[in-house]
Amino acid sequence: MNRTFSVNHPLLFILAGVAVVAVALQSVIFLRKAWKRALELGFSQEKLKKLAVSSAVFSIAPAIAVGIGVITLSGTLGLPLPWLRLSVVGAIMYELTAAETAASALGTSLSSTLSATEFSTIAWTMTIGITTGLILIPLFCEKTTNGISKIGMKDRKWGEHFTNALFFALIATFVGNGLADVTKGGAGLVSALVLLVSALLMVLCGLLRNKLGWKWLNDYAIPICMVISMAAAIPFTAWLA
Amino acid sequence: MSEYTRGIHRSGRLWFVFAYFFIYLFPVVTSIVFDAWPSWSQFFAAAIGVVPLYWAVGIVEAFSYMPMLGPGGSYLAFVTGNMSNMKVPVALNAIESAGVQQNTEEGDVISTISIAVSSLVTLVVIIIFIVLMVPLTPVFSSETLQPAFANVVPALFGGLMVAFLSRTPKVSVPVIVITVALFIAVPALKGVYPIVLPVVAAAAIAYSRFLYKKGRI
């Protein structure tokens, strides 16, 4: 079968669409299971609703960044492949680099028109590159998470310190990563300033919550910090460029 | 292990098989229908630049994130993707504002709910982008807005850092200060941060253990 290839062929939309529907279904099923279990564990319906709303609000700005990633890649790769890769398993930073690297290894670039074979080579590379983590989760998730909860059961207090240490390491690594290029000026300095503004706003939110008793801020503090500090990147860039 | 957790492991594994199937269906069907199987030489040329690094990152991410996200959160987050720029921060934020501990079932249900909601929001936003691509493209790809969306990760982690600092500052402050100093001293680490993460985690756990044994935290 050799049909006329197009990066936006309807068949490709169907393939991507089916996968996206499957992932949406999994999210809904897991959401229902966890919600039911949370009620059994004594969380109130109201608290869970607040959690869901604040998680949704939290996700909008990062989701827009992902949407922009799809649009960026769609110029060359069409819509279906970036749609699939960024909705299932992928992440913006990986997929953009993977597509770019694969294209340049083929002696083409993401700014030229791809042949069917070039397109399929890029699709294979992106797919195989990203799926390692996936193999490990079903194999090791039970062992790893049981191990961690055993630490907690043996010594509750140390269990808390143990997971907190993991959180600190994660946050420290991302903060460090955000500040790595600070001395180079330009975009590196803008990222550092964005991080600083977000941190200061969080301090301010904490003060407002404690001094004025604005409890609702608890749920929306991070989205507020995120959106304002992202917006601040615009004048910072204009100023430093 | 509770019946709930057992069930999550069971269905989590099953969904992974589905996810794998659908992910690979795309390149397989594309290659068959358009008669476009890559030649081995082309495939190796493209894969060599991507696969080894991504596998290393994938392995490290899997083991770093599983303990933080819990079983339900992990199965869902790894399938839906966008971990560090969305799923991990959203789960951390939910755990922090609900005041639960991650290594408990309470922590896991909270992390699962936040990740599920976040995935659904992302799927909807992406579909909106695709449908409204023509009017939206000039707005979001404008030079003016570009810096805002290039800085999602620092914007997220600045606030999260402050939220988490107050949990045992004796550990969090030195861990963050030393790690940041390390990144500024060796900016090349920026590209390989997922590999730095387990090293920092091991050091943070060791230091925490030391203070705990001494009775200082």
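Predicted model: local features only at pLDDT ≥ 70, side-chain atom pairs only at ≥ 80, totals over all residues.
**Domains of chain A**

Domain 1 supplies five residues and domain 2 supplies seven residues. I sorted the domain 1 side by class and got three nonpolar, one polar and one charged.

**Where chain A meets chain B**

I turned to the contact between the chains. How many residues does each chain bring to it? Chain A brings 137 residues and chain B brings 136 residues. I asked which element gives the most on the chain A side. Helix α7 (residues 156-179) of chain A does, with 22 residues. I noted 92 nonpolar residues, 38 polar and seven charged.

**One helix pair across the chains**

I picked out a pair of helices, one from each chain. To describe two packed helices, one gives the angle between their axes and the distance between the axes. I looked up both values for helix α6 (residues 132-154) of chain A and helix α3 (residues 51-80) of chain B. Their axes come within 8 Å and cross at roughly 55°. An angle from 65 to 115 degrees would count as roughly perpendicular, and one under 35 degrees as roughly parallel. The pair α6(A) and α3(B) is therefore oblique. I checked the hand of the crossing of α6(A) and α3(B) too, and it is right-handed. The residues in the contact of α6(A) with α3(B) are 15 nonpolar, seven polar and one charged.

**Chain B as a whole**

I moved to chain B and counted its elements. There are 10 helices and zero strands. Read from the N terminus, the order in chain B is α-α-α-α-α-α-α-α-α-α. I looked up the dimensions next. Along the principal axes, the C-alpha atoms of chain B fill a box of roughly 65 × 50 × 40 Å. Chain B has 217 residues, and 53% of them count as buried.

**Helix α4 of chain B**

I wanted to know how enclosed α4(B) is. I found that 15 of its 16 residues are buried, so α4(B) is largely enclosed by the rest of the structure. I then read on past its end. B:Gly99 follows α4(B), and the phi of B:Gly99 is positive, near 65°.

Most residues other than glycine have a negative phi. I looked for exceptions and noted two residues.

In chain A, A:Val89 has a positive phi of about 70° and is not a glycine. I placed A:Val89 in the loop between α3 (80-87) and α4 (92-105) of chain A. Is A:Val89 buried or exposed? It has 28 C-beta neighbours inside 10 Å, so A:Val89 counts as buried.

In chain B, B:Asn82 is not a glycine either, and its phi is positive at about 50°. I located B:Asn82 in the loop between α3 and α4 (83-98) of chain B. I ran the burial check on B:Asn82 as well. A residue needs 20 or more other C-beta atoms within 10 Å to count as buried. B:Asn82 has 28, so it is buried.

Terms used: Residues numbered from 1 in each chain as written. Chains lettered and ligands numbered in written order. Axes fitted to C-alpha atoms, helices over the stretch in contact; angles between N-to-C directions. Helix = DSSP H or I, 4+ residues; strand = E, 2+ residues; numbered from the N terminus. Parallel < 35°, antiparallel > 145°, perpendicular 65-115°, else oblique. Left-handed = near helix turned anticlockwise from the far one by under 90°. Nonpolar A, V, L, I, M, F, W, Y, C, P; charged D, E, K, R; others polar. Contact = placed C-beta atoms within 7 Å. Buried ≥ 20, exposed ≤ 12 C-beta atoms within 10 Å, placed from the backbone.
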